[in-house]
Amino acid sequence: MTPFFRIKSLLGASFACALLLAAAPSQAQSQNVLRVSAIPDEAPTELQRKFKPLGEYLEKKIGMKVEFTPVTDYAASVEALINKKVDMVWFGGFTFVQAKVRSNNAITPLVQRLEDEKFKSVFITTKADIKQLSDLKGKTLSFGSESSTSGHLMPRSFLLAAKIDPDTDLKRIAFSGAHDATVAAVSGGKVDAGALNMSVWEKLVAEKKVDPSVVRVFYTTPGYYDYNWSVRSDMDASLRKKLSDAFLALDPKNPEDKAILDLQRATKFIPTKAENYGAIEAAAQNAGLLKK
């Protein structure tokens, strides 16, 4: 090989190495991202709006970039976490149970809002002749998503406890896909009644997006455990602790923290555990809604 081609070859190799070294930090950086998602119980734009300040707060606390990835439906949120497409998900109680069962107990709930210890659902209507659950017989009713805890599973279980089988005693049941869509279906006259998350109902009333003198609550359920932030159990223990500590450190007395908590409709976050969702798992099994 001539000196010229030897030098050219060495320069080419050096250039290739330089490219690899330059690429290495960016590749490592791309892996240094916490990917977050949530069940789509509200419009995607609303979920993004609510998460943005929380994501920015978490970035500062854990020293990683935080990216929010919306999913198309509740089942997709379960599959995304199990299949390592995302690292942390805001689950409803039922979707947490589904993820726990589907993953053979490889999902860990980190924190829940204080409000999630005694969460409630409401049944709403515009019809004057619907005053209690028994009045729903022969009527049409909209649930939210089929995998929603507060928009389907628990309302269904309370109907069954009141000796009302939605599949046989009602004229028709529908699934709107989200809590705000259930309100729209009821207010628009598409169904006689609907069941949804009490927190979303109160938010829509406060924002004057629904008139409670026209669409009214006629039944509020007893309390039950609901939402939580969950991660895979194989997440690095130090990262899991950082995330948990970050949520628990949110202080309503701090104006910036309070703004984040308000968007999450939370007074504060508290630790949680899988055992808290045993009643939801039993309700899902009794209703025949839990599949592996």
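# Helix packing and buried elements in a predicted model

Helix α2 and helix α9 (residues 237-249) pack with their axes 10 Å apart and at an angle of about 125 degrees. Axes here are lines fitted to C-alpha atoms, for helices over the stretch in contact, and angles run from 0 to 180 degrees between N-to-C directions. That angle makes α2 oblique to α9; angles under 35 degrees count as roughly parallel, over 145 as roughly antiparallel, 65 to 115 as roughly perpendicular and the rest as oblique. The crossing of α2 past α9 is right-handed, that is, the near helix is turned clockwise from the far one by less than a right angle, anticlockwise being left-handed. On the α2 side, Leu54, Tyr57, Leu58, Lys61 and Ile62 meet Leu239, Lys242, Leu243, Ala246, Phe247 and Ala249 of α9. This contact of α2 with α9 comprises 9 nonpolar and 2 charged residues, with no polar ones.

The model is predicted, so local features need pLDDT of at least 70 and side-chain atom pairs count only at pLDDT 80 or more, while totals for chains, interfaces and linings use all residues. Residues are numbered from 1 along each chain as its sequence is written, and side-chain values use heavy atoms, with hydrogens and water left out.

By class, 5 nonpolar and 3 charged residues form the contact of α2 with α10, and no polar residue takes part. For these classes, Ala, Val, Leu, Ile, Met, Phe, Trp, Tyr, Cys and Pro count as nonpolar, Asp, Glu, Lys and Arg as charged, and the others, Gly among them, as polar.

Of the 292 residues, 47% are buried, where buried means under 20% relative accessible area, exposed over 50% and partly exposed in between (1.4 Å probe, protein chains only). Among contacts with a separation of 6 or more, 78% join residues 24 or more positions apart, a contact meaning heavy atoms within 4.5 Å.

Helix α4 (residues 93-102) is largely enclosed by the rest of the structure, because 9 of its 10 residues are buried. These are Gly93, Phe94, Thr95, Phe96, Val97, Gln98, Ala99, Lys100 and Val101. They pack against α3 (74-82), β3 (88-91), β4 (107-113), α5, β10 (228-232) and α11 (278-286). In helix α3 lies Ile82, which touches Ala99, Arg102, Ser103 and Arg232, not counting residues up to four places away in sequence. Ile82 and Arg232 are 150 residues apart along the chain, yet their C-alpha atoms are separated by 7.2 Å.

Strand β10 holds Trp229, which is buried with a relative accessible area of 2%. Its C-alpha atom is separated by 6.2 Å from that of Phe91, 138 residues away along the chain. The loop between β9 (216-220) and β10 contains Thr221, which is likewise buried, with a relative accessible area of 2%. Leaving aside neighbours within four places in sequence, Thr221 is in contact with Lys120, Ser121, Phe123 and Phe158.

Backbone geometry comes next. Most residues other than glycine have a negative phi. Just after α4, however, Asn104 takes a positive phi of about 55 degrees. Lys163, in the loop between α5 (149-161) and α6 (166-169), has a positive phi near 65 degrees, and at 68% relative accessibility it counts as exposed. Arg265, in the loop between α10 and β11 (269-271), has a positive phi of about 50 degrees; at 17% relative accessibility, Arg265 counts as buried.

Confidence can be read from pLDDT, the predictor's confidence in each residue, from 0 to 100. The mean pLDDT of the protein is 89, and 89% of its residues reach 70 or more. Over residues 1-30 the pLDDT is below 50, and this stretch has 1 contact in the model beyond near neighbours in sequence.

Definitions and conventions
Helices (H or I, at least four residues) and strands (E, at least two) are DSSP runs, numbered from the N terminus.
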